[in-house]
Each structure stands twice: as C-alpha cells, then as structure tokens.
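Please look at the sequence and the fold first, and then read on.

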Amino acid sequence: MKQLNVCVIGVGSISDFHLKSYEKNESVHLYGVYDFSLARAQEKADQYGIEKVFSSIEELLADPKVDAVSICTWNNTHAKYAMAAIENNKHVLVEKPLSMTYEEALEIQKVAQKSNKVFQVGFVRRFATNTTILKKFIDNNTLGSIYFAKATCLRRIGNPGGWFADKDKSGGGPLIDLGVHIIDICWYLMGRPKVKRIVGHTYHHLGNRSHVENLSFYKTADYDATKNSVEDMANALITFENGASLLVDVSYTLHAAKDELAVKLYGTNGGAELEPELKIVSEANETIVNMHPQVDHLTFDFAHAFETEVNAFVKCCLEGKTSEAPVEDGVEIMKILEGVYESARLGKEIVYE
C-alpha cells in the first residue's frame, strides 16, 4: 500500500493534533518536521518517531521524498510557506486563517489553481461529527433555505498571549483566531453565499487582564503580560448576496458571567443549533418538534475532528480528489474577516460590488 510522506512545519501546540492524527493513519509515513527552534523540532521527532528534522524550509521543500505538508506556523507565514510548498509540488494542509490579508489569499489561490496538488484550509469544524450530521439534514432540505445565523464565541478571560497577542504575527485577536471558525462553519452550512455587506466593530478596552487571580486559562510558552496589540472583542453583521445574514461576536476577554459558545441557524422549514450541542427544530402535524440526535459527538470534539480532517486530506492526496475545504473557501473567509476589521477601522459599512 502506498504511503504518503508527510512533514509538519511548525511544532507548536496545534501541531500535536496533526501529528497524532497522521500517526494513526496507516496510509501516512511521518517523514519530517521543521521548526525555527531546532531543539523543539527534535523533541517532536523523538516523541513521534519521525525520520528527519529539517534545518530550513528550503531544505524540506527541496526534498523529493516529501509528498505533503501541514503548515502549523504563525499566521504571518501561512501565505509564504503555502505558496512555496505548492510551487515545490507538495500537497498542502494549512492551518486557518489562510493568510493575513485578502490580497495574500488571492495570491495563494492563483498559485494553488495552477497546480494539480491538493490544497486544504484547516477549517476543522467542517469535519466534526455534529457538523457532518447537520449538513445531511440541510442537504435533504430539513431546514429549507437558511436566511439567518448567529455565532458566538466569548471568553471571559483567555488571551493566550505570545504570538496570538502580537498583531504583526497573528493579524488580529479573537476575530481571526476564534471567529474564523464560527464564521466559516455558519457560512459553509448556509451554502457558501458570496458576501455583500459588512458592518463590524472591534474593541480594545480590557487588555489581557493578567492581574486576574484564581481563574486559569491557556497561555503560550512565550506569554508576556506586557505585550498585547490585538482586539479584546469583535462583533459584526455580515449580509450575503442572497439576502441571508450572519450575526457574530467573539472575545478573548469580556466582563461576562461565563464563557459561551453558540452556533445557530434558521431556515424556512426549520432551525438548528450546532453548538453547544446539536439540536434540530422542525414542524410535523401542525406541531413544532425538537429533534435531539442520539450520537456520540453532539458537540465539537477537538481530537476526533482533527483526525477526521487529516484523514480526509490524506484520502484526497492519494486519490486525487478535491478537498471539502478548498483554497477558494479560504479566500472568501479572508475577505469576510478583513471586511470586519476594515469596517471597524473606518467606522462604516463595507459594501462589495
């Protein structure tokens, strides 16, 4: 059986979900890793029994044995590494967001569309069990035409610091880090309509609130409470060409009673909640009916979704199929994210022709 030789570029915390998933896939040989910290790369190679530790991106991409790469680096390197990988004839799975700007995303798309290699954007929530179940209901018209969605991902305190809090490396805060996921999953389930208008707001009032005690949260290895150049919170109303709309709010820090994750969609025949757990609302015999599916994963299961995402990528690479999260989708999501930031910066609605 042919195995796909895979390398992981960047071995920060998110890389473990890629590495563990590749390790479980019998069609994959974990061939190499690269990180700007050679010691950290060597540690991961030892942990997963990986054959090669590359000293540079150039060395990795020049190796003809490398079939595919997962790019798990800072956001400001996604475009450069993704385009270089495609140009060196590698299949690419790049973590979200696709790039730092819409212009960069369009450049990536041009390069990717000239290649016969698989290009997949890391929209992992598309591969979660609750999403795939709901999509079947939507495809079978249970919800009818979806005209409104609401997505919320609020943290009371949860600015990870490090590169996440450095706008030059991340491109922004909770909107580009957390919002990208919930915006994408709504847009995907709504049928990928083209964006028409955006009104967005960002806020920079609370900082990272490092003085708060007795409540733990994830911090990066290079956490520094004195450094933070990203927004605390963002919200937006996104309207699409078909008239449907999406209301979204996200935060790293907010004076809220509890963290909140909610994704809801409303259609002409029914509605659904994807998070905090899958529920479907419909009508039967002149009665409103709430359907509660009996499944193992009613909510997003991080490890399982990553495993499904990686398996789908590998299958596409080996069988020459198109990804469920192609480069074109990454471009449209970057257009939306940039539109929210631009609307907030200018203090006006952004309208697309």
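Are helix 1 and helix 2 roughly parallel or roughly perpendicular to each other? Angles under 35 degrees count as roughly parallel, over 145 as roughly antiparallel, 65 to 115 as roughly perpendicular and the rest as oblique. The axes of helix 1 (residues 15–24) and helix 2 (residues 38–48) cross at roughly 30° and come within 11 Å; the two helices are therefore roughly parallel to each other. Ser15, Asp16, Leu19, Lys20 and Glu23 of helix 1 make the contact with Lys44, Gln47 and Tyr48 of helix 2.

The model is a predicted one, in which local features need pLDDT of at least 70 and side-chain atom pairs count only at pLDDT 80 or more, while totals for chains, interfaces and linings use all residues. Residues are numbered from 1 along each chain as its sequence is written, and side-chain values use heavy atoms, with hydrogens and water left out.

Helices (H or I, at least four residues) and strands (E, at least two) are DSSP runs numbered from the N terminus. Two strands pair if DSSP finds at least two bridges between them. Contact means heavy atoms within 4.5 Å. Axes are lines fitted to C-alpha atoms, for helices over the stretch in contact, and angles run from 0 to 180 degrees between N-to-C directions.

An open sheet with parallel pairing holds six strands in the order 3-2-1-4-5-6. Strand 3 (52–53) and strand 6 (119–122) stand at its edges, each with a single partner strand, so one side of each is left without a neighbour in the sheet. Four bridges join strand 5 and strand 6 in the parallel sense, and Val92 has Phe119 of strand 6 as its bridge partner. Helix 1 packs on this sheet, touching strand 1, strand 2, strand 4 and strand 5, and its direction makes about 155° with that of strand 2. Helix 4 (residues 75–87) also packs on the sheet, where it touches strand 1, strand 4, strand 5 and strand 6 and makes about 170° with the direction of strand 5.

Buried means under 20% relative accessible area, exposed over 50%, and partly exposed in between (1.4 Å probe, protein chains only). In helix 1, the residues Ser15, Asp16, His18, Leu19, Ser21 and Tyr22 are buried. The partners of these buried residues include helix 2 and helix 9 (302–319).

A second open sheet has mixed pairing and nine strands in the order 14-13-12-11-7-10-9-8-15. Its edge strands, strand 14 (287–291) and strand 15 (350–351), each pair on one side only. Strand 7 (residues 146–154) and strand 11 (residues 260–267) are antiparallel and share eight bridges. Lys150 has Lys264 of strand 11 as its bridge partner, and Thr152 stands opposite Ala262. Strand 11 is also joined to strand 12 (residues 271–275) by four antiparallel bridges, with Tyr266 opposite Gly271. A hairpin of three residues connects strand 11 to strand 12.

Helix 6 (residues 129–139) lies across strand 7, strand 11, strand 12 and strand 13 (279–284), at about 170° to strand 12. Helix 8 (residues 174–189) lies across five strands, including strand 9 (233–240) and strand 10 (245–251), at about 155° to strand 10. Helix 6 and helix 8 pack with their axes 10 Å apart at an angle of about 30°, and are therefore roughly parallel to each other.

**Helix 10**

The 20 residues of helix 10 (residues 327–346) should span 28 Å at 1.5 Å a residue, and the end C-alpha atoms are 28 Å apart, which agrees. The expected span is 1.5 Å times one less than the number of residues. Of these 20 residues, 14 are buried, so helix 10 is largely enclosed by the rest of the structure.

**Backbone features in the loops**

Most residues other than glycine have a negative phi, and most peptide bonds are trans.

| Site | Feature | Value |
|---|---|---|
| Lys96 to Pro97 | cis peptide bond | omega near -10° |
| Glu275 and Pro276 | cis peptide bond | omega about 10° |
| Arg192 | positive phi | phi about 60° |
| Arg209 | positive phi | phi about 50° |

Pro97 is in the loop between strand 5 and helix 5 (102–113), and Pro276 is in the loop between strand 12 and strand 13. Arg192 counts as partly exposed at 32% relative accessibility, whereas Arg209 is buried, with a relative accessible area of 15%.
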